[in-house]
Amino acid sequence: MGKLPVGGQKRSRWFGYIAVIWLALAGEKLVWAQPARTGQLEVVVTAGTTNPTPVRVRLTQKGRVVKTLPNEAIGVMYGLWDHADGYGFQPDSSFYVDGRFRLALPPGTYQLALSKGPEFLDQQHQIVVLAGKPQKKTYRLARWIDMAARGWYSTDGHIHIRRSPREDPLLMSWLQAEDVRVGVLLRMGDFWETYYPQYAFGESGVYRRDNYLLVSGQEDPRTPELGHALGYGASDKVRFSKEYYHYDTVFDKLHELGGLTGYAHHAETFHGYRGLTLDGLRGKVDVLEILQYCVDETPLRTVHYYHLLDLGFPVTATAGSDFPWCGQDHGHGPPERSARIGNARFYVYTDGPLTNQSWKTGLKAGNTFATSGPMLDLRVNDARPGDRLNLKKGNKLVIAATAFGHASQVPLDRIELIGHGKMLASVRNDEPGQSASQLTLKLNLDTLTRGIWLAVRCFAGPQQAAHTTPVYVTVDGSGFHNPATADRYLELSEGYLREIEQEMEKESQNPEMRLWYYKKGLKTRIAETREVIEGLKKRLK
């Protein structure tokens, strides 16, 4: 089920027979060339135990991908707009196996690349295949860090692949090959249609193998004027076609069904900052995707994140690959970051074993950090990201932050403590006691007189970054907003509302631009948001 029906071994055998027919002019005699001999290669990959482990494989020769798939390759249909763009090969021509494969290859020297997500060290091997000589290669992948053992579970919160129960075990092998502990498969929608259907939502849509989960979610509504909305963890999908531009109606229902809501793509693309302002200032947004390879080569983007945080709205940091949309093959991201499950992920802390419920609980609490490589640990008086601390004037804050990396794969550059959007402290890898493998930052704040949000971000190798959800600190219940930026961000919010109003006046026959059609309902929502802004002007001084 899902193994490729016509394997590389079979094709290689037939392609090896060089059907060159030589017609001798004298006697018109047919002469058949002898079949070219191949070498049989067997590869076994383990990690932690002697059992084969799901892994990502890329086989090349002289810089060119070997376009022969083994029978053991795990194929699942995927593509843009739910089309059949791919099956066995990934966008970069790698493939997934459950830890073992065999191939008959022409004689020559090959390069074998093995990977299993950022917590494992990638491996590169050179293999010489000799004609008629079988060989077996066994490789053991090594972890440089085990975040699950620390209670942190990796999540790709943005995967688009249609799913029935038949695909569950196949997709689970894909997840395990990238060491993604929780894969959120999103049903996607637009004004006309939905794509990437999921057979069930809530607990009925959870598929588990070992300590890994497949769960369902949604990216819907999606419009070019207000952005792309996310829904996680609800017991059912939600879609109101006749009120498509009223995102809050969907958000309210998702909350009623036990879910979380937010915005994708840093709220930058498709004018997502407009929707984020309209819904975020009315307290309807739980999460924001702050790390992804959909905009440019800079995966971490926090402009709109800091906007809401400085105004005193808690928002949880998430990330996701947006597979198969975001990557080199589809015009996004740097070459080394082709569309790939797990290339942007977030970690959720759970107080106990991983279950769908414990994952949702950690996500709702905001116990997360987003990353494309570095791993983070932040403690503020022992509080974790997402936690709230209510202090009294004169209380002391003890801040300890650590970034973990690997000198060859995730070489750390610097770690920064961010408070109210500004860098309060920074440590670099060339300072005493620091390294490209671990950075430690410690700071005490003794004179805190008002609240603050505190987060940590880290930068490592090319396109490698990480950012925590803040710890929210209040002093005598005063809130954690930033008075210094309140006026600027409130004026910016008003500017975004005016953008929506301007768009509402552009009546268009373009079926993709339907915001004007919902003018009446949006005017009401804009008025509600302006009331919030006026209240914030008085309260945040």
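The lining of the second largest pocket splits into ten nonpolar, seven polar and five charged residues. Here, Ala, Val, Leu, Ile, Met, Phe, Trp, Tyr, Cys and Pro count as nonpolar, Asp, Glu, Lys and Arg as charged, and the others, Gly among them, as polar.

This is a predicted model, where local features need pLDDT of at least 70 and side-chain atom pairs count only at pLDDT 80 or more, while totals for chains, interfaces and linings use all residues. Residues are numbered from 1 along each chain as its sequence is written, and side-chain values use heavy atoms, with hydrogens and water left out.

Back to that pocket (on a 1 Å grid over the protein atoms alone, an open set of points where a 1.4 Å probe fits, with protein on both sides within 12 Å along at least five of seven lines; lining residues have an atom within 4 Å of a point). It holds about 450 Å³ of space. Among its 22 lining residues, Trp-81, Arg-222, His-228, Phe-270 and Trp-325 sit closest to the centre.

Now for the cysteines. There's one disulfide (a pair of cysteine sulfur atoms within 2.5 Å), and here are its details:

| Feature of Cys-294 and Cys-326 | Value |
|---|---|
| S to S distance | 1.5 Å |
| Angle about the S-S bond | 100°, right-handed |

Cys-294 and Cys-326 are both buried, meaning under 20% relative accessible area with a 1.4 Å probe, protein chains only. Cys-458 is buried too, with a relative accessible area of 0%.

Notes:
Buried means under 20% relative accessible area, exposed over 50%, partly exposed in between (1.4 Å probe, protein chains only). Grid points are joined across faces, edges and corners, and a volume is the space filled by probe spheres set on the points.
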